[in-house]
Every structure is written in structure tokens, then in C-alpha cells.
Protein chains: 2
Amino acid sequence: MQIPFTPLVAGLPSTTPFVGPEAIERKRGRTFKARIGANESAFGISPRALAAMQQAVTESSWYADPESHELRSALAAKHGVALDEICVDAGVDSLLGLTVRMLMAPGKNVVTSLGAYPTFNYHVAGFGGNLVTVPYRGFHEDPQALLDTARSSKAPLVYLSNPDNPMGTWHPRETISQMITEIPDHCVLALDEAYIEFAESDIAPPIDTQNPQVIRFRTFSKAYGMAGQRVGYAIAHRDLIAGFNKVRNHFGLNRIAQVGALESLRDTEFLATVTAAVGRARQQVMALAESLDLYAEPSYTNFVAVDLHSTERATAMIAALAERDIFMRMPGATPLNRCIRVGLGNEQEFEWFSQEFRQLLQNV
Amino acid sequence: MQIPFTPLVAGLPSTTPFVGPEAIERKRGRTFKARIGANESAFGISPRALAAMQQAVTESSWYADPESHELRSALAAKHGVALDEICVDAGVDSLLGLTVRMLMAPGKNVVTSLGAYPTFNYHVAGFGGNLVTVPYRGFHEDPQALLDTARSSKAPLVYLSNPDNPMGTWHPRETISQMITEIPDHCVLALDEAYIEFAESDIAPPIDTQNPQVIRFRTFSKAYGMAGQRVGYAIAHRDLIAGFNKVRNHFGLNRIAQVGALESLRDTEFLATVTAAVGRARQQVMALAESLDLYAEPSYTNFVAVDLHSTERATAMIAALAERDIFMRMPGATPLNRCIRVGLGNEQEFEWFSQEFRQLLQNV
């Protein structure tokens, strides 16, 4: 008997956006000592969120509030928007899937940068769209080319991350604001700001929920250190948020995660500590690269792209680091893949990395 | 500017499968004292799982293993199936959405019972299918009519829950086994066994992952008491599981929930305690109904349907119970909606409910 998959799903490749470090560990038969490849935070979570979540585990038997009312209220207050201009979901990955699903009919074109976030591309393929990619300009995404391509390909959706992953680069707020004014009429900009807390006062354009052409994506996974808890949110015009509510999994959020996100939001002191620590850790990596005569791209994220001048060398370095029990990833597309993406670890992880990296550079 | 929703999403109603108790509380301006309306467990979670999750909260900064390798291994061992015959995801709700998406192209018919699980119906609508419903036979789903309708409507998917929600009724394993042998060639049976732990040895047909026409859905939300943690899984032929892996949100599972599910699975003693306690609580509700000359439908779940003989009376009772701070729900369709669905609470909750219910019966 032939399984009656839809033609779309039958035609999809068996692929995943990322292989997790645990899978690599199982294959190697050995754990990593430094886990600095998945842009997870090495600076922990808010102690207040930790305590609140440990307490909330006792409430595991109850579903979370499907309207995330308390958390959305706090987010609305923080961002100066209305309650119905925010959608909370189990991570930005899930929200990106919903975004693609609600705006992109099968067969339509969607625009992103070549080498940008693979999970967005996974959703575009999974819902039957055509991905149209625009090359990076050097190590930066190219807003103007993205818009031009969105226009020429009649795309209902264009993706940009600021700061960007996998390079850590950014555009100033004026550039993004200008981009927003030029979005073609038929198109919505998915503005992924997963790393914005590291740069908010410098580069985030004002949030304008009157504009139905922009969705801002934020997460508790990066600066707040809650990747394992799966909480992300979208800020947008209420009609877009109403669209999310038509298709989202209403009871999909973890109750304990919701408690943790709310408490994290209240702990502004912790956030300031983390962003400062991330800033120092970035300087360490920059200094290390400089001491080795390597170019490191200035970053506004919790990782730094270090240029090894060739894909072969970068690939060999990632493999060699893994041999030495250091988990790291590299960008997947030209011209980015001459770099390795150095995640900012704790002091011990940085020490391990810098020691191994110095040695390995002579051989790879 | 018109938001470029897909025609499908633009045409969807703004609806949710359930309104959460928190939303009702906000509207009332008062909390419930007894929360026995959402089939959550009043018997808590495994103390081992509790301790493991409180510990695991310290690892919130790391994504969960997207392959859920440890948990799937334990589940595979428990069910005597292979690792690639199991898919773990953030709750059965999410898995039902993926199932609809991968088997039902837009415009296709999908079959379920009138009054069965609304979230399944929500996904069918959300992915553009036509829901074809089959009436209950009394207070039981009707396997033969479901199959006949699946055949006549050329449905790629038919849904049955055993035991069923919202009535708590069940079919013996022989009936389900017979149903499985008669599934039309073009069709897959989504067999929702969310409550099976309360009845497994009595009614679950053997798991046969050689058969590509059945997906078994299981959850940690009910007997394991982990509704707020969102962990469910599907057991099926490896080709079906491969389908899930093409479309699922690979990093969607909460890391702490995964730890809790694994530990819950190991705590077989706790599960036995819960199923025994649920059995006793069911007897209490049955005895209460009998003492009031009401018919209560025998149940294999953590709730009991009590017949109030008319929809008006059942509706009035739910409203009156809410007035007295007791959260309860009732079935949504004829002929089930002459009943109220009495969730099994703890001793205190049962006492509150029985006291209020006795009084209210005289007025509503």
C-alpha cells in the first residue's frame, strides 16, 4: 500500500535545518566539552526566572493559558503596543512556519539571502514555495537587492535578520527604516530580530504596528538564555496577528516556559549583565583573531565570524575542533563559508577554544 | 494595503478549538476553585519527573536534542518498536496538525465523529480540507460508519479516539483490530489513544508498525499528568514517521519537558498509583450520579459524562457551576450535549463539585 502523502509532502526531501550536537556526540561516541556552535547562551538564565520555573514545575499538570495573557501584557507594555498586536508561540521557528503558511500560497516565490537562516527556508519548502535567494554583499545582507528581488519575483514575503545569523553583522536603523518604506505593496517583511537585545538601542527601528507590511520576531532563546524553553513572539499589525491566531497551535506553549519568560522580562538587571558579558566575550574573540592575524567580523550577536580565507580551511577547522571536543558550526553558503562561526562561551570554553584553535591553525 | 494572506487563510474563521479557563476567569474577574473541565490530571506528576525537571531547568539555555534520542529509545523499548517508528513532538495537538498536513491535500475529505476532538477539526479546516462527520451511536463512536464514510468520501484520513473524548467510552480491542483490517486502501487511521494508559491492558490492540495505515497517538498530558509540558508521540510505520520528519519543527520540543517525559516513563510505580486513583475517583462520580438518579456513562478516561437529559439543562448546569467557581465543560454536539463532562478532581475538588451539583440540580 502506497501511503497517501500529499504530492507536496511526497516530493519533499528528508532533510533537517540543523543536526543537533547530541546527534554528533552519539556518532562520535564522545561528548563535546565546549558547546559553542548553536548560538545558545553561555551566560545562563535570570535567577528569578530559574526560581520561578522550578516552582512552576509543580504546576505541570495544567495547560498553559493559550492566550498567554500575562506574558503578552508584559510584552505589550515593554514595546508600547496593544495586546492584540503580539502573538506568543513556542519559539521563532514555529512563528516563521506560521508566517510562511499564512502568507505564501504553494508555488509562490519567497525571498531571502543566500546563506541566511535555514529553518526559514525549510518552512518555505515545506509549504510548497519557491525560495529565491539574494547573495550577501560581502558579509552583510543586501536590503536593496532583497527588495528588488521581492518586487521582480512578486513575492508575498521577504526575510531579513538584523543583526544577522550566521555572520553577526547588522544594518543601522536608518537602513532598515528606509527598507520598510520601500517594501513592495504585495509583500510583507519578516524582520527576524532574534539577537536584537544585544544591539537594541543602536539598531532597532521604531516598532510601528500601524504598518501591515512588517512582522518583528523576537525570542527568549538568545540574550535571555532560554533556548531550551521555546518562547518567541511576533509583533505586528493586529490583522497579521489575527492571521496567526487562525492557524497557530493554541495550546502549544509550555506552561513553565511561559512563567520563565515573564519573569525574565521583569529581570532587566540580568539582561544588562548578559549583554555586557557578551560584549566582553566578543572582544576576547576579536582580540584572539587579531593576535593570529585573522579578520573577525564585528558582531552584534553572541557569536563572531572569523575569516579563514577558504571554505576548505574553514571546513577542516570545524572538523578538527570537533576532534578536540569543541562543537562549532560554519556558514553554509558562499561567500560566508570561508568563515567559522565562533560562539561566545564561558571563560572555560573560550580558553579551550583559543588553545585548540591556535594549535590547529598551523595544521589546517 | 491588503495583507497578502493566502486565499485559504483569508477564508478561515477566527476561531479556537477551546477557550482556556484563564480567559473565563479574566472575564468573570474571579478564579475557579475547582479546575475540572480540561481533562487535566488532578493526580500530579511523577515525583521523579518533578525532581528531574527542577534540576533540568538549570539547562534551559540549551536546545533539546531535536531527535529526542533518549526519549524515543525508551518509548521504542516500551512499545517493542524500532527507533524510526516513533516521532516525538510538542503534544498530540501538534502531531495531529502535522498528520493532516502530510496526508490531506486541500479540498480533500477527512472523516471524524460529530462531536469528537475539536482540535483535529481545527487542523483540517486550517489546511483546507472538508470535514465529513459521522454521528455517534448513542454515546459511542461508530467505527463501521466511519470506515464506510471514509470509503465513500475517498478520505485519505479518518480519526478515531479510543477511549474517546468527550464521552470516555471505548471499543474493545477486537473491534479496533477489526476496524484496522478494513481501512480503505486510500486511507490512514489516526488512532488517538491519549487516554490509553487508563485502559491499556484491556482495550489497546497490538501495535503493528508494519501496517502503513495506522498512526497511534500517545501523550504525557493525561495519565502522566504533564499537560503543561507538551510532550506527545506518534507510533507508526517508518515511512509515515519519515513523513513527520519532513515537516515537523525539529527544534520545537522543550528540553525540560523531554527530561520529564523520560523520567515519567521510568516511574512505572507512579503511573500505577495514578490509574488506581483515577479508577476510584470515577467510582465516586458514578456513585454520586446513581445517588441522584442520573445516568453516568462508564468511562475509561479521567472524566465521566453524566446525562442531564437535555442540552438546555446541561448548558445551564455548566453556567451555574461556573457561578459557583467550578470550571467544567460539556460536549459540543448532539446527542452528546445532553451530558456534562465531569473531570476527576482531587478529593477537595470532588467534594466542592458534589455539594454544588446536588444543590444546583434542583434549580436547573
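This is a predicted model: local features need pLDDT of at least 70, side-chain atom pairs count only at pLDDT 80 or more; totals for chains, interfaces and linings use all residues.
Biologist: What pLDDT does chain A average?

Modeller: 97, and 100% of its residues score at least 70. pLDDT is the predictor's confidence in each residue, from 0 to 100. For the complex, the predictor gives an ipTM of 0.97 and a pTM of 0.98.

Biologist: Back to helix 6 of chain B. How many of its residues are buried?

Modeller: Eight of the nine, so helix 6 (residues 118-126) is largely enclosed by the rest of the structure. Buried needs 20 or more other C-beta atoms within 10 Å of the residue's own; exposed is 12 or fewer, partly exposed is in between, and the C-beta atoms are placed from the backbone. Among the buried residues are Phe120(B), Tyr122(B) and His123(B).

Biologist: What do those buried residues pack against?

Modeller: Helix 10 (238-247) of chain A is one partner. From chain B come helix 5, strand 3 (109-113), strand 4 (130-134) and strand 5 (157-161).

Biologist: And helix 11 of chain B? What is its reach?

Modeller: Its twelve residues reach 17 Å from first C-alpha to last, close to the 16 Å expected at 1.5 Å a residue. The expected span is 1.5 Å times one less than the number of residues.

Biologist: Why call helix 11 of chain B largely enclosed?

Modeller: Because ten of its twelve residues are buried. Arg255(B) and Glu263(B) are among them, as are Ile256(B) and Leu262(B). The cover includes helix 11 (255-266) of chain A, plus helix 3 and helix 4 (69-79) of chain B.

Biologist: Switching to the dimer. How is chain B laid on chain A?

Modeller: By a turn of 180 degrees and a shift of 0.0 Å along the axis, with an RMSD of 0.0 Å. That is the relation of a two-fold axis. In chain B, the C-alpha of Gln54(B) is nearest the axis, at 2.4 Å. Both copies use the same surface: 100% of the contact residues of chain B recur in chain A.

Biologist: How many residues does the contact take from each chain?

Modeller: 73 from chain B and 73 from chain A. On the chain B side, helix 10 gives the largest share, seven residues. That side divides into 34 nonpolar, 27 polar and twelve charged. Nonpolar covers Ala, Val, Leu, Ile, Met, Phe, Trp, Tyr, Cys and Pro; charged covers Asp, Glu, Lys and Arg; the others, Gly among them, are polar.

Biologist: Which domains does chain A have?

Modeller: Domain 1 (19-44 + 269-361) and domain 2 (47-266). Those bounds come from an automatic or database domain assignment. Their C-alpha centres lie 25 Å apart. The contact takes 24 residues from domain 1 of chain A and 23 residues from domain 2 of chain A. On the domain 1 side, helix 12 of chain A supplies the largest share, five residues.

Biologist: One more residue. Phe198(A): buried or exposed?

Modeller: Buried, with 22 other C-beta atoms within 10 Å. Phe198(A) is in the loop between strand 6 (188-192) and helix 9 (200-203) of chain A. Not counting residues up to four places away in sequence, it touches residues including Pro163(A), Ala223(A), Val278(A) and Tyr300(A). Val278(A) is 80 residues from Phe198(A) along the chain, and their C-alpha atoms are separated by 8.0 Å.

Terms used
Residues are numbered from 1 along each chain as its sequence is written. Chains are lettered from A and ligands numbered from 1 in the order in which they are written. Copies are superposed by least squares on the C-alpha atoms of residues with pLDDT of at least 70 in both. Two residues are in contact if their C-beta atoms, placed from the backbone, lie within 7 Å. Helices (H or I, at least four residues) and strands (E, at least two) are DSSP runs, numbered from the N terminus.
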